[in-house]
Amino acid sequence: MMIEKRLLAGLIASCGLMLSSCHSVYMSAEDRLQENYEEADASVEMDDELSAFSYSDVSVIPYTIENLAKGFTNLSESEVERLKTCDQYNQKSLVAPEEGIGLQINYGDVGFYFYAVSYEDAQKYLNVTQPAYHDRVLSFAELANRFSKKNLDSLSREEAIEICNKAISDANISAVFENAFAMDCETLNQLQRDAKSQYGEDFYMAPGSEYLSNEDGTGKWNVTQWEKEQEAYYVVYRMQLNGRTLDTTGSLCKIELFCRADGQIIYANGNCPELTLADAKSEEQTIVSAQDAYSISLNMLQKRKLEQSQIQSVKHSYGYQQITSLDGEAEHIKTVVIPCWEICYDTDVQGTRMERRIIIT
């Protein structure tokens, strides 16, 4: 099985936190709203006031083939030792052709990919969680609207989450479960039909679809339908640091897993490094109070005409950013972590209550 070699995509080269395309809204202290100040009632879970320290020169905890193999494969320690490789660029990988699985760790040991199907078929699963031209990332609300079925017939949502939780734990990844979506074949085939009429036939194709080329240079797609045995859950986790959730753009601080209806994790992708504050430099930083964070969020919801939304909690969180600098021809990446508040609220999305969040620094 071929594993595509690529540099870690999307490292942040700017100093500011960015809007999360998944389900977050960032707001800085300078954007504080003064009108309609309202205190949180007793039903809102609110952390104590935050000891506001930012951290620079934060160290990365490298991903290892050994840990990832323990989480996502059934290979023994001796098999892992025999099959793992490291190339001239210090890029680590593992391929087990007989089992049809592969692992790759990105350059710098800061991200990973796991496949139990071909790379092309794994991408077909990932594609259906994205807009047709992949120009942005679907929010959880949009995913819930796209995949409205809660459970697959042969594997419940709870069972799939349990399988993925064990994999994350066994792989020694510090991440917390966020959400899971059932990708049933009826919905997948309907997505394929709708996209074909609007964009062409090569959208949301099922695994096994391929482009057939003719000798004269022409060709056409052999598009197959999604089958029952190809159904899967799309399960998302968020990275953590010292017990707090870690946030930047949604695509960087999450781990994506696809758990097929037979209970097999067929694809896993993590593009955010694990971090440690053990040797980091700390600096005191000004941040709004928990009560002000609540009031700011309430005003934001009112201005967006989301008055029916209910704020559930105001909790400590971390914002994560990487700053790239050049020293001659050498490139240096500096990792910085800042304190922030995560405000969780639930709102109505086409008749379904969905949890969303606001991040305030």
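**A tour of helices, cores and salt bridges**

Select residues 185-199 to display helix α6, whose 15 residues reach 20 Å from the first C-alpha to the last, close to the 21 Å expected at 1.5 Å a residue. The expected span is 1.5 Å times one less than the number of residues. Helices (H or I, at least four residues) and strands (E, at least two) are DSSP runs, numbered from the N terminus.

The model is predicted: local features need pLDDT of at least 70 and side-chain atom pairs count only at pLDDT 80 or more, while totals for chains, interfaces and linings use all residues. Residues are numbered from 1 along each chain as its sequence is written, and side-chain values use heavy atoms, with hydrogens and water left out.

Within α6, colour the buried residues, among them Leu188, Leu191 and Ala195; buried means under 20% relative accessible area, exposed over 50%, and partly exposed in between (1.4 Å probe, protein chains only). The buried residues of α6 pack against α4 (140-146) and β9 (175-183). Gly200, with a positive phi near 125°, follows the helix.

Next, select Glu231, in the loop between β11 (219-222) and β12 (232-241). Glu231 counts as buried because its relative accessibility is 1%. Beyond its neighbours within four places in sequence, Glu231 is in contact (heavy atoms within 4.5 Å) with residues including Met183, Cys185 and Arg260.

Now show Asp153 and Lys228, whose side chains meet in a salt bridge at 2.8 Å, N to O. The pair links distant parts of the chain, 75 residues apart: Asp153 lies in the loop between α4 and α5 (157-170), and Lys228 in the loop between β11 and β12. A salt bridge places a side-chain nitrogen of Lys or Arg within 4 Å of a carboxyl oxygen of Asp or Glu; by this rule the count comes to twelve. Another joins Asp262 to Arg260, with the closest N and O atoms 3.0 Å apart. Salt bridges that share partners join Lys149, Asp153, Lys228 and Glu231 into one network.

Move to the largest nonpolar core, of 80 residues, where Phe72 and Ile173 are among those with the most contacts inside it. β12 gives the most to this core, with eight residues. Such a core is a set of buried Ala, Val, Leu, Ile, Met, Phe, Trp, Tyr and Cys residues joined through side-chain atoms within 4.5 Å.

Finally, select residues 290-303, helix α7. Twelve of its 14 residues are buried, among them Tyr294 and Leu298.
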